[in-house]
Amino acid sequence: MRRLMDEAAMEAVALRSLANLPEEFRRYLGDVVVRVQDLATQEMLESVGLTHPMQLSGLYTGRPIDNKSVWDVSDGTPDRIYLFRLPILAEARERDIPVERLVHHVMIHEMGHHFGLSDDDMHALEDEA
């Protein structure tokens, strides 16, 4: 029987994904916080037009760096990447893929939102990392 990955273990996998990115991307992630929680809140779901928490495996909240200026004043809230543990575990089991692989995929996608990248750009970055 496979052991379910807890929040701390999933966060460690996510942070390894960040560490394996090319330096030109890592240097712009210093203020991004990674959070793992079991499910998205109702407010998070509504922000992306979803209704069921098992539909959302990751979420970027913040302002993409291509929309920021040196003149911006922070409100003290860092940009965040949320990983939703239960949907990720369910999808990995359903697709019969390692959880680590899916976490990496979700991290790349959410980091792409931070960088303002297109889906094609995100796929290319995932292949490099």
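Select E91 and R95: both sit in helix 4, four residues apart, about one turn of the helix. Helices here are DSSP runs of H or I with at least four residues, strands are runs of E with at least two, and both are numbered from the N terminus. The side chains of E91 and R95 meet in a salt bridge, 2.8 Å from N to O; the term means a side-chain nitrogen of Lys or Arg within 4 Å of a carboxyl oxygen of Asp or Glu. E91 is partly exposed at 28% relative accessibility, and R95 is partly exposed at 43%. Buried means under 20% relative accessible area, exposed over 50%, and partly exposed in between (1.4 Å probe, protein chains only).

The model is predicted: local features need pLDDT of at least 70 and side-chain atom pairs count only at pLDDT 80 or more, while totals for chains, interfaces and linings use all residues. Residues are numbered from 1 along each chain as its sequence is written, and side-chain values use heavy atoms, with hydrogens and water left out.

**The other salt bridges**

A search of the whole structure finds three salt bridges. Next, select R85 and D38, whose side chains meet at 2.7 Å, N to O. This pair links distant parts of the chain, with R85 in helix 4 and D38 in the loop between strand 1 and helix 3, 47 residues apart. R85 counts as buried at 13% relative accessibility, whereas D38 is partly exposed at 30%.

Then go to helix 2 (residues 23-26). The side chains of E23 and R26 form a salt bridge of 2.8 Å, N to O. The two residues are three apart in helix 2, so about one helical turn separates them. E23 has a relative accessible area of 41% and R26 has 32%.

Show the three strands, which form an open sheet in the order 1-3-2 with mixed pairing. Two strands pair if DSSP finds at least two bridges between them. The edge strands are strand 1 and strand 2 (58-61), each pairing on one side only. Neighbouring strands of this sheet are turned by 20° against each other on average, direction ignored. Such angles run from 0 to 180 degrees between N-to-C directions, with axes as lines fitted to C-alpha atoms, for helices over the stretch in contact.

Helix 1 (residues 7-19) packs on the sheet and touches strand 1 and strand 3, contact being heavy atoms within 4.5 Å. The direction of helix 1 makes about 150° with that of strand 1. Helix 4 (residues 85-95) lies across strand 1 and strand 3, at about 55° to strand 3.

Now select strand 1 and strand 3 (residues 80-84): they run parallel and are joined by five bridges. V36 stands opposite L83 in strand 3.

**Two loops**

L39 lies in the loop between strand 1 (33-37) and helix 3 (42-47), and is partly exposed at 31% relative accessible area.

Finish at D96, in the loop between helix 4 and helix 5 (99-115). Phi of D96 is near 55°, a positive value in a residue other than glycine. D96 is exposed, at 61% relative accessible area.
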